[in-house]
Amino acid sequence: MNLTMNPDDQAYRAKFLNWLSENIPAEGTSAEAKISGDWCAQAEIFRKFQRKLFDAGYAGIHWSKEYGGQSGTLMQHIIVTEELSTNYPWKMFDGLSVGLVAPTLLSRGTEEQKKEFIPKILSGEHIWCQGFSEPNAGSDLANLSTSAVRIGERYVVNGQKVWTSIGHLADFCILVVRTDPTVGKHKGLSYLLVDMKSPGVTVRPIKQITGEAEYNEIFFDDVEVPFDRLVGKENEGWLIAITTLMFERIMNEISIVPKLQQTLDRLIDLTSNTTRYGQAMIKDPVYRQKIALLQVELEVMRLNQYRNLATLLKGEMPGPEGSIGKIFWSELNQRMQETAMEIMGPYSQLLKGSKYAEDNGKWAFDFLRARGNTIEGGTTEIQKNIIGERVLGLPKDTVRRN
Amino acid sequence: MDFTLTSEQEMLKNSARKFLNNNFTSDYVRKMWENSQGYEPEMWAQIAELGWMGLTIPEEYGGLGLTFRDLGLILHEMGRVVMPGPFFSTVVLATELIKTAGSEEQKANYLERIASGKLIATVALYEEGVEWGAEGIKLTSTRKGDNYSLLGKKLFVPDAYSADLIIVAVRTENQVEAGEGISLFLVDPQTEGVEIELLPTMDQGRKLCAVSFLNAIFSSTEVLGEVGKGWSAIETMLIRANIGLSLEMLGGGEKVLEIATEYAKIRIQFGQPIGSYQAIKHKCAEMLLQVESSRSIAEYAAWTVDGNPQEVSKAASIAKTYVGNMYRKAAAATLQILGGIGFSWEHDIHLYYKRALASEAMFGDTVFHLELLASRWERKL
C-alpha cells in the first residue's frame, strides 16, 4: 500500500534513493550499528550526514529557502523521511529539531528566530532537546515550577527538568518555564529557546532500563536567557507547548511506520527460523494467528497515517487526533516486541555481546526500550484524556477542572 | 486513494442518513424483528425508487453504474440504524455473484429486476459443520438427463424466507480439487422439494434460514454461468461481502460510540457526569481509536474493489478482522457504560451487540481471515 504518488514524486523517491546509496556513512552499514552503542559517536556521524543531506538539498525540503529549506513539497519531505527511516541504520537526532522545534518556530516564532535557528537545525549544526517534564510535572505538565524572572533584557531561569532525551548531546533546548506564579497554572507559562552551553546549565545523564543513558536531568542555576529567545508572548507558553506536542505526534509517525514494518519483517523471519516441537514456529497456528494480527494492526496504522498526512498535505494543522496514532504505535510496538520474546523463550533474556543472543541482543534491547513508548511524549492515559475531552467533548474531572 | 468524499458522494451519504433516520427508527426496526419476512414491500419499493438496489449494477442492466466505494457509503449508513431486511443479501451477495458469474442473458434478466426492486435474492453457501472454504460445499446432485436432483441442506442462509431467488452452491462433481466442480443453481424457493426454516437467531434484523433440498429437481439451464465453475465467482463475492460488511459494522461502531458518549455526558453519579471519570472516559477514547482506525481500513478496502484489485482480497481480510473485532468490543463497552439500562430489551444497544456478533460470524470468522493473511506472507518467504 502506498499513497497514490504522481510520477514526479516517484521520480523524486528514486533520485533520493540513488543519492542515499552513495552517501550512507560507511560506519552505518556494519551489523554493530544496528544496536545502540556510543551515543556521542553516533551524534557525530549524524551531524556529518545531516550536513550532506543539507548540502544536497534533502533537508527542510518543504520549508522556505529563506530559512534554509528547499521550497519543495511536503510530499517530498515525507518521501525522504520514510526512506531515511528504512535505510539509515544509525540513530537520527533530528526527531525533536526537525519534527518539533522547526515547525513550532515556523508557526509561532519571530522572523529573527526562524532565520537564526532553522538553517542550523537543517545543516546538523544544532541538535535540540525538549525541556518539558519535571520531577513534579509529568502527566500534569502545567504544574511545572522551573521559573524565569525577567530582569532587564533577559530572563533568569532556575529549576530542574527531567527525562530529557539527548540532553547531554544537545546544543539548544526548548524550555517551558513559569513566568507568572500568581495566575492559574496554564496561564503563567512561557516558552524559551535556551543555549545548553549557557553558564548555570548542568546536565546529568540518567541510566535507564536498557542500561544506557539516553535521557537526562537538567539543572538551571541562574541561567540567563536573552529576551529575544522567547517564542510567542510571555505567559502564552502553554499554547505553544501544545502546538509542539501535536506536531510531535503526527510527524513522528512518518518514520515510525517503516520501523514497525522492519520489526514485523524481522519477526516473521525469527518465527520462520525458530523451531519448537520439531517444526518451524511459523507453522504453529497460535503464532500464525498472533503475527497475522500484528500485520492487520500495522496495515491499519499505515492507513491511519495516510489519512493524517492527507490532512497535512491539504495545509491543515494537526489536531488532537494525533493522540490516536501515539497510542496505536506505542502499544503495537510493545506487542511486537513481546511476541518476539515469547518466540525466543530463554534466549529472549540474552543481551548484546552474548554469542547465543539472537540478532546480537537487538530484540532484548528493543523490548526494554519499547516500555518507554507508552510513557514518553505523553502517556497513553494522557492521550486518552485528550481524545475523551478534546475529540469526544467529555467533561474534565473535578480535580483537573479547578 | 483519497479519503475525502466528492460532492456527489457527500450528497449520497447525507441523503442516505436522512432517509434511514426517518424511516428506520427504533420502533420500525423492532417491528421488522417481529415480521418473519423482515421487510415490508412498500418500504422496499421506496428504497428501489432511490436507486440503491442498482447502485453498482451497470447502466446497461438498469443500474446506476457507481463504484463499490459509493455503495459502501450507504452500507455504512445502514449499519448506523442496524437496518433489517434483505438489502445486503440482494444488493451485495446476489448482485455481485450474478455480475461475476452470470451469462449475458442471466445478467439482463436478474440484474434489471433487482435494480427495479422486483427481485429479492440471496446466496446459500454454508452447510452443517461450517467450513469457510470450498471444501464446505457438499450438497449433492444427481444428474438425470438434462436435470439435476439436489439433496442436502444449507445453513445460515440470510433472508431465504423473503427471497424470490436463492443462488445455491452445489457440488456437481466429486473427486476433484475442492474449488472445482461447484455449480450455482438458481433456485425458486417455491420449487417442490425445497423447504425453508427460519432459524431463531439472536439478530432478527438479519434473518438466517436453513434451506433443505429433498431431491428437488432443477434443469441444467437453471445454473448461473457454467456448470462446475462457480467457486471463483463465490470467492470474488465473498471478498466484496466482507468489505461491505466491514462498512456496515463501521457504521454500527460509529453509532454505538455516539450512544456511549451522549450517555456519559448526561448520566450523573457521585455528583458528576460519569464521562468525567477516567474509567469511562478512557473506554470511550479506546472506542474512538478503534472506530477511526476501522474507518481507515474499511474505506480503503471499499476503494480497492474498483481502485486496486490486486490489493482487494488482502484488504478484505484485514478489514473484516479489524472492524469485526472493533464492533463487538465497542458494543460491549457501550453496554457496560449504560449499566442496567444497557442490559434491558428496551434500550437499542442489544440490537447492535447482536448484529456485531452475527456479522463477525459471517463469511469467515477472525481465525479464518488471520490464517488467510498468514498463508499470504508464508508464500512470499
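**Salt bridges, within and between chains**

Modeller: Chain A of this predicted model has eleven helices and ten strands. Of its 402 residues, 56% are buried. Chain A carries 46 positive and 50 negative side chains, and the centres of these two sets are 2 Å apart. Over all chains, the whole structure holds 43 salt bridges.

Start inside chain A. Arg13(A) and Glu83(A) form a salt bridge with an N to O distance of 2.4 Å. Arg13(A) belongs to helix H1 (residues 7–23) and Glu83(A) to helix H3 (residues 74–87), so the pair ties together parts of chain A that are 70 residues apart in sequence. Both Arg13(A) and Glu83(A) are buried.

A second pair is Lys290(A) and Glu342(A), whose closest N and O atoms are 2.6 Å apart in a salt bridge. Lys290(A) sits in helix H7 (residues 285–313) and Glu342(A) in helix H8 (residues 322–344) of chain A, so this pair links parts 52 residues apart in sequence. Lys290(A) is partly exposed, at 32% relative accessible area, and Glu342(A) is partly exposed at 33%.

Now cross to chain B. Glu292(B) forms a salt bridge with Arg307(A), with 2.7 Å between the closest N and O atoms. Glu292(B) lies in helix H8 (residues 278–307) of chain B and Arg307(A) in helix H7 of chain A, so the pair joins two chains. Glu292(B) has 18% relative accessibility and counts as buried because the cut-off is under 20%. Arg307(A), at 21%, is partly exposed. Both residues belong to a network of salt bridges that also includes Lys13(B), Arg17(B) and Glu77(B).

Technical notes
Residues numbered from 1 in each chain as written. Chains lettered and ligands numbered in written order. Predicted model: local features only at pLDDT ≥ 70, side-chain atom pairs only at ≥ 80, totals over all residues. Heavy atoms only, no water. Helix = DSSP H or I, 4+ residues; strand = E, 2+ residues; numbered from the N terminus. Buried < 20%, exposed > 50% of the residue type's maximum accessible area, 1.4 Å probe, protein only. Lys, Arg positive; Asp, Glu negative; His and termini not counted. Charge placed at Lys NZ, Arg CZ, Asp CG, Glu CD. Salt bridge = Lys/Arg side-chain N within 4 Å of Asp/Glu carboxyl O.
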